[in-house]
Amino acid sequence: AMQTISTAPDTLGPEAKVQEEEHDLADDDITAGCLSSIPQMKKISTSYEERRKQATAIVLLGVIGAEFGAEIEPPKLLTRPRSSSQIPEGFGLTSGGSNYSLARHTCKALTFLLLQPPSPKLPPPSPKLPPHSTIRRTAIDLIGRGFTVWEPYMDVSAVLMGLLELCADAEKQLANITMGLPLSPAADSARSARHALSLIATARPPAFITTIAKEVHRHTALAANTQSQQNMHTTTLARAKGEILRVIEILIEKMPTDVVDLLVEVMDIIMYCLEGSLVKKKGLQECFPAICRFYMVSYYERNHRIAVGARHGSVALYDIRTGKCQTIHGHKGPITAVAFAPDGRYLATYSNTDSHISFWQMNTSLLGSIGMLNSAPQLRCIKTYQVPPVQPASPGSHNALRLARLIWTSNRNVILMAHDGKEHRFMV
């Protein structure tokens with residue numbers, strides 16, 4: 001049949017074209033992407049056909065789940081409740097008595113296709129998966145598009161690490177592609193993984209930020225162990241630093257309110273991904289300008305410290321030289337603005353929720369300044385003033401991020417500048 005099609009495609013009409021498309025679908029790299037749980041058939045052709053159908057079914061279910069998952073709910077019947085085995089499978093959010101095993105199984109299959117270790121390209125009977133097959137790229141795309149549907153059934157950390165592994169060297173791979181030419185399979189995988197990461201991060205910013213922050217903390221703890229230090233620079237997290245910063249930048253641009261809720265975790269990630277020596281040389285504003293647009297972040301160049309105001313009223317103080325972070329609880333509500341004095345001796349913090357501005361004295365002792373004995377910089381509250389609360393321009397708007405900022409006019413004087421132009425002046 002295939003020879004006939006190739007000789008006279010026009011005379012055979014639509015049936016032949018359907019057969020031709022089916023043959024394309026049975027490409028080696030798709031059929032090789034089967035789930036190994038299928039028992040081996042006696043005949044190679046039957047096994048090949050089974051896996052081809054299975055791959056197609058996974059892709060179709062993935063598309064339905066990703067595009068329409070939240071809409072597919074089991075019918076609400078007024079008759080007596082049925083046993084769980086009778087309830088139809090669906091993709092929607094789990095509710096009382098609903099059976100959503102379809103979402104769980106599809107998620108499991110897609111995750112398997114992403115994380116299955118690559119193997120050399122083998123003949124069709126083999127259940128192994130080539131490194132950059134079409135089915136793997138399809139799974140990557142569907143995981144990104146339907147993340148909110150799959151997330152409850154997914155090991156988010158494993159999926160994010162798998163995607164970061166694929167696009168850790170994306171810049172290198174995509175830079176070598178000549179415009180207009182098709183992407184190589186590796187570059188196509190990198191691009192798909194990069195797009196999936198952006199989709200996941202913007203669909204569920206807290207899931208992305210907290211998962212990467214946990215991985216950073218785990219990685220830092222491992223790095224502290226001298227025996228494992230040789231391998232630290234080759235891990236996925238270390239190689240994908242540029243990619244992680246790219247996604248964080250997208251989140252700051254598109255979803256600043258979600259980033260503010262987890263600002264300390266975001267700063268932990270940024271501090272891990274940026275080279276300390278580079279920040280010391282160029283400053284935070286030049287190395288990662290996006291984070292500096294928040295009034296809750298302040299960088300003091302002379303002693304290389306960053307202060308970050310958190311949602312739960314505490315201040316995180318990072319020392320770039322030692323890599324240490326100290327947390328001080330200072331307010332009863334989210335911190336609206338922080339700023340270092342020009343000489344670095346004082347730090348001002350303001351919370352619009354508890355309507356207080358506090359002044360903290362920095363430890364300028366020799367031990368604190370040179371980071372000896374692992375001493376974290378000490379902060380001591382020396383003054384607190386009450387301030388009338390600043391009303392946002394409109395309720396629930398992004399203006400909440402830009403309610404007020406702190407501007408030091410000298411080493412001892414600071415202005416609290418509200419978004420409507422009102423000023424309150426304070427002296428330490």
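Two strands count as paired if DSSP finds at least two bridges between them. Helices (H or I, at least four residues) and strands (E, at least two) are DSSP runs, numbered from the N terminus. This is a predicted model, in which local features need pLDDT of at least 70 and side-chain atom pairs count only at pLDDT 80 or more, while totals for chains, interfaces and linings use all residues. Residues are numbered from 1 along each chain as its sequence is written, and side-chain values use heavy atoms, with hydrogens and water left out.

**Sheet S9-S10-S11**

- Three strands in the order S9-S10-S11 make up an open sheet with antiparallel pairing.
- Strand S9 (404-408) and strand S11 (423-427) are the edge strands; each has a single partner strand, so one side of each lacks a neighbour in the sheet.
- Strands of a sheet pair through backbone hydrogen bonds, either parallel or antiparallel.

**Pairing within that sheet**

- S9 and S10 run antiparallel and are joined by five bridges; Ala 404 has Ala 418 in S10 as its bridge partner.

**Faces of S9**

- The covered face of S9 carries Ala 404, Leu 406 and Trp 408.
- Arg 405 and Ile 407 lie on the uncovered face of S9.

**Strand S6 and its burial**

- Strand S6 (residues 346-351) is mostly covered, with six of its six residues buried (under 20% relative accessible area; exposed is over 50%, partly exposed in between; 1.4 Å probe, protein chains only).
- Tyr 346, Ala 348 and Tyr 350 point one way from S6, Leu 347, Thr 349 and Ser 351 point the other way, and all are buried.

**Partners of S6**

- Strand S5 (residues 337-340) runs antiparallel to S6, joined by four bridges, and Ala 337 stands opposite Tyr 350 in S6.
- The hairpin of S5 and S6 has five residues between the strands, and Gly 344 in this hairpin takes a positive phi near 80°.
- Six bridges pair S6 with strand S7 (residues 356-362) in the antiparallel sense; Leu 347 has Trp 360 in S7 as its bridge partner.
- S6 and S7 form a hairpin with four residues between them, and Ser 355 in the turn has a positive phi of about 55°.
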